[in-house]
Amino acid sequence: MNNSDRVYQELLQRTLKQLQQQITSLERKNRGLRAITDQTAVEIEGYKTEYQRIAQELQSYNQRIEVSKAGETGLDFIDDKVDKIIERQQDSVDKIRQLESLKQQVTTKRYQRKIDKQIKHQQQIIQRLQKKHGRLNMAQRVIMYPKYYRTMRKLKLLSRKQGKVNVVEANIKDNELLKQTLNPNSIIDNIKGAFYDIRGQYYQKKLSHAQDVLERVKEKHGNIHLQGANVTVLPKKVVEAKRQNMSSAPQTTQQEPVEQPPPIILPGPQPNPDAHIILPPEDKTITAASLAEEAVQIKQQNQQAMQQQQAQEFKKAA
Amino acid sequence: MDDNKITVTTPDNRQLEVEVLDIFNVVGYEGKDYILYTLGEEVDDEHERAYVSILEEDGDNFSLTEIKDTEEWKNVQKAIEEGIALEEEDTDE
């Protein structure tokens, strides 16, 4: 590289450095300016909000003082009235003061009572004037804020209407309830329910009585004498149902199968299984002795049948 | 001894075990208890023999006596049948 090239290069480098410095400086200035503008933006927002608030206030103030001519006349009239009221109130106050000072000078009770009466009268006047003043103030406000009071009045009317609607709704609900209660189906259901309740209670009472007596009977174990009985025939399912009812412990749904006694095989010709079984007459009565004898006979027959069966099996085995 | 079973003594001093099915009253015969019991005797596939006696308490003893009056026996039978009919009605429901 020759000397001129080197110089040119140095010149370029210097220029570049200067430019870089200027850029850095400008960027710094720019950052500063940006901060200022941001800050200014925030301030501007604040001023805008404040402006809006004041504008609204001014608007409402304008609304207040924007009273029609009729309203202005009304306000003037009310103002006059209020002034007169204040004047009369002041008169009454003065009179009361005078009367009180007079009362102190008077010695007799009769005159004191008279003065008290007059003071009371003046106080009543003041009260009436205060009420009147209140009403006039209200009238002034209505003239000055018509929109406000119109809205309030509407709200008042609406809440009254709402109250009436609520009453009607409550009546409707009551009627619906009454309708449901008086519904023939529900009445019938209620009657049915009551009937089943009563029946259930009746059964329960019967069952309790039966169980109580049975307990008492069981206590007399060994002292229960069978002297006679009447025979009847019951369906097996009825017997089973009664058996379950009388059990003191609750029955499980799966019960152990009841062991059936072995069939009674009587000696001699076997009966025809297809023959019609003649049931004993229901009004047959037997004595305890015959009953016991019959039971013993059955037991003996069962034993014989078992013995025969065992003998046959023994023969087969042999 | 099972819950429903009791041992009774016959006039010839034999012990007999019976199963009590019900103890009930009959309208018109208030104050009397009737006991319905069985010895487990099958009459056929669907029926079983049962016995009804008047249950009387006498001090420390109980006695089971037969119903001799025809009218009374009729009413007792009627009561049993009505009980069965009502139970069947309940089962159907």
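Which residue is the bridge partner of Glu56(B) in β5(B)? Ser63(B) in β5(B) takes that place, and the sections below set the pair in its sheet.

## Model and conventions

This is a predicted model, in which local features need pLDDT of at least 70, side-chain atom pairs count only at pLDDT 80 or more, and totals for chains, interfaces and linings use all residues. Residues are numbered from 1 along each chain as its sequence is written, chains are lettered from A and ligands numbered from 1 in the order in which they are written, and side-chain values use heavy atoms, with hydrogens and water left out.

## Strands around β4(B)

Let's start with the link between chains. Strands are DSSP runs (E, at least two residues), numbered from the N terminus, and two of them pair if DSSP finds at least two bridges between them. Strand β4 of chain B (residues 47–58) pairs with strand β2 of chain A (residues 228–235) in the antiparallel sense over six bridges. Here Leu234(A) stands opposite Glu48(B).

Within chain B, β4(B) also pairs with strand β3 (residues 33–38), antiparallel over five bridges, where Tyr37(B) faces Tyr51(B). Strand β5 (residues 61–65) of chain B is another antiparallel partner of β4(B), again over five bridges. β4(B) and β5(B) form a hairpin with two residues between them, and Gly59(B) in the turn has a positive phi of about 65 degrees.

Methods:
Helices (H or I, at least four residues) and strands (E, at least two) are DSSP runs, numbered from the N terminus.
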